Amino acid sequence: MQITHLGHAAVLVEVADRRILIDPGNFSTEWHDLRDLDAVLVTHQHPDHIDPEHIGELLVNNPQAAVYVEPQVLGAVELDRAEPLAADVARWRDAEGRVCD
């Protein structure tokens, strides 16, 4: 396993031939040119954890990458193929299983 700090919150994790980028925010530019990513994980919606100006280009350059985000990110940043983190989805459901805002 190799873990590379790319600045502020951005981290690249490489393990078992997989490359996962965590929190590509606007306080770092080292992640802008990354290729061959398997997944992108965004832990929350603050700009230092997701850069709305550059995330689109990153995803275009990594069409195979799965995108997992904290559910509130979906309302703050336009991401065509993002999936909410399963661990947080339960937190946003009421007792009857309805998704809550």
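Which residue in E2 is the bridge partner of threonine 4? Select threonine 4 and then leucine 12, for leucine 12 is that partner. This is a predicted model, in which local features need pLDDT of at least 70, side-chain atom pairs count only at pLDDT 80 or more, and totals for chains, interfaces and linings use all residues. Residues are numbered from 1 along each chain as its sequence is written, and side-chain values use heavy atoms, with hydrogens and water left out.

Next, select strand E1 (residues 2–7) and strand E2 (residues 10–15), which pair in the antiparallel sense over five bridges. Strands are DSSP runs (E, at least two residues), numbered from the N terminus, and two strands pair if DSSP finds at least two bridges between them. Two residues lie between the strands of this hairpin, where histidine 8 takes a positive phi near 45°.

Continue to strand E3 (residues 18–22), which pairs with E2 in the antiparallel sense over five bridges. Select glutamate 14 to find its bridge partner in E3, arginine 19. The hairpin of E2 and E3 also has two residues between its strands, and there alanine 16 takes a positive phi near 50°.

Now select strand E4 (residues 39–42), which runs parallel to E3 and is joined to E3 by three bridges. Isoleucine 20 stands opposite alanine 39 in E4.

Finally, display the whole sheet: six strands form an open sheet with mixed pairing, in the order E1-E2-E3-E4-E5-E6. Its edge strands are E1 and strand E6 (82–84), each of which pairs on one side only.

Conventions. Helix = DSSP H or I, 4+ residues; strand = E, 2+ residues; numbered from the N terminus.
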